[in-house]
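Hi everyone, thanks for making time for this one. Let me put the model on the screen, and then I'll walk you through a few parts of it.

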Amino acid sequence: MTQTPAPSLADLRKEIDRIDAAMHKLLMERGEIIDQLIAIKRSQASGSAFRPGREASMMREIVGRHHGILPVDIVESIWRVIIATFTHVQAPYTVHGDISLGNAAMRDVARFHFGFVVPYETHDDAGDVIHALSHSRGDLGLVPVAAPGAWWRGLEGDTEPKIIARLPFVERADHPAAMPTYVLSKPIDEPPSTGDVHLVSAVLPQAPARLPHGWSIPAHAGAALLVALHPGQTVSALAEALPAGTSIESVGSHAPAFILPHAGQEAR
């Protein structure tokens with residue numbers, strides 16, 4: 001039986017060149033569609049180009065179907081940069097980073113998820129980031145979940161910036177940009193999904209001796225709590241669990257993280 005000869009090095013390099021050209025062609029085609037989107041959005045005045053729910057859905061599909069020797073870190077970063085850059089083409093924006101927990105860590109988060117085309121500015125604390133967003137047309141802010149102080153109180157009120165995403169979205173061991181970070185923007189016209197995590201600012205009459213049991217509290221400072229309500233949890237139930245006189249205000253929402261499994265486990 002005649003065996004098919006193994007491809008030569010030259011043959012394999014030609015295949016790589018063919019694939020590279022095809023990927024470039026598809027990126028240019030994506031750009032043409034974005035050009036049409038820009039024209040439609042101008043005529044419909046549809047507002048912000050950010051669609052965090054759609055981005056989360058895209059990333060779930062991309063990471064969920066990935067296999068092979070290419071590290072998933074690279075796949076995630078490539079698509080994040082593509083999404084961020086094409087969004088910038090639709091409506092230019094700047095990313096504002098709170099470096100209160102370290103300049104290098106925040107820079108890694110910003111560059112991994114937004115690349116180098118989107119402008120990046122640093123600020124000393126979360127309050128400065130929120131102030132910058134309030135005075136911008138459509139910028140994004142990056143604030144570490146563990147940033148000092150009750151920074152989320154600056155998000156209270158219908159017209160104030162809100163949390164729209166949490167990074168890293170794909171959680172795994174040894175993530176190259178692992179610092180838990182919230183993405184902030186002015187309120188957008190995309191309603192949250194029923195499966196989203198809703199975030200509320202709860203201010204108690206006084207600092208509690210211990211944090212309330214049974215609730216996810218990503219951050220707290222004195223009498224102020226940032227509470228994450230997962231699907232099935234309600235504001236009314238939270239109010240019943242907290243002392244009388246507690247004020248509760250919505251400060252945003254985000255898609256739940258995609259947990260990358262260890263080998264042999266299914267993604268969720």
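**Around Leu-226**

Let's start with Leu-226: leaving aside neighbours within four places in sequence, Leu-226 is in contact with Trp-151, Trp-152, Tyr-182, Leu-199, Val-200, Ser-216, Ile-217, Pro-218, Ala-219 and Val-251. Contact here means heavy atoms within 4.5 Å.

A word on what you are looking at: this is a predicted model, where local features need pLDDT of at least 70, side-chain atom pairs count only at pLDDT 80 or more, and totals for chains, interfaces and linings use all residues. Residues are numbered from 1 along each chain as its sequence is written, and side-chain values use heavy atoms, with hydrogens and water left out.

Now, which residues have the most contacts inside the largest nonpolar core? They are Trp-151, Tyr-182, Leu-184 and Leu-226, in a core of 20 residues. By nonpolar core I mean a set of buried Ala, Val, Leu, Ile, Met, Phe, Trp, Tyr and Cys residues joined through side-chain atoms within 4.5 Å. Buried is under 20% relative accessible area, exposed over 50%, and partly exposed in between, with a 1.4 Å probe and protein chains only. Two or more residues each come from helix H5 (126-134) and strands S6 (181-185), S7 (197-203) and S9 (224-229). Helices (H or I, at least four residues) and strands (E, at least two) are DSSP runs, numbered from the N terminus. H5 gives the most to this core, with four residues. Apart from it lies another core, of 19 residues, including Ala-110, Val-118, Leu-140 and Ala-165.

On to strand S3, residues 140-144. Five of its five residues are buried, so S3 is largely enclosed by the rest of the structure. Leu-140, Leu-142 and Pro-144 point one way, while Gly-141 and Val-143 point the other way.

And what does S3 pair with? Strands pair if DSSP finds at least two bridges between them. S1 (residues 95-98) runs parallel to S3, joined by three bridges, and His-96 stands opposite Gly-141. S6 runs antiparallel to S3, with four bridges, and there Leu-142 stands opposite Val-183.

You'll find Pro-168 in the loop between strand S4 (162-167) and strand S5 (170-171).

That's my tour, and I'm happy to go back to any of it.
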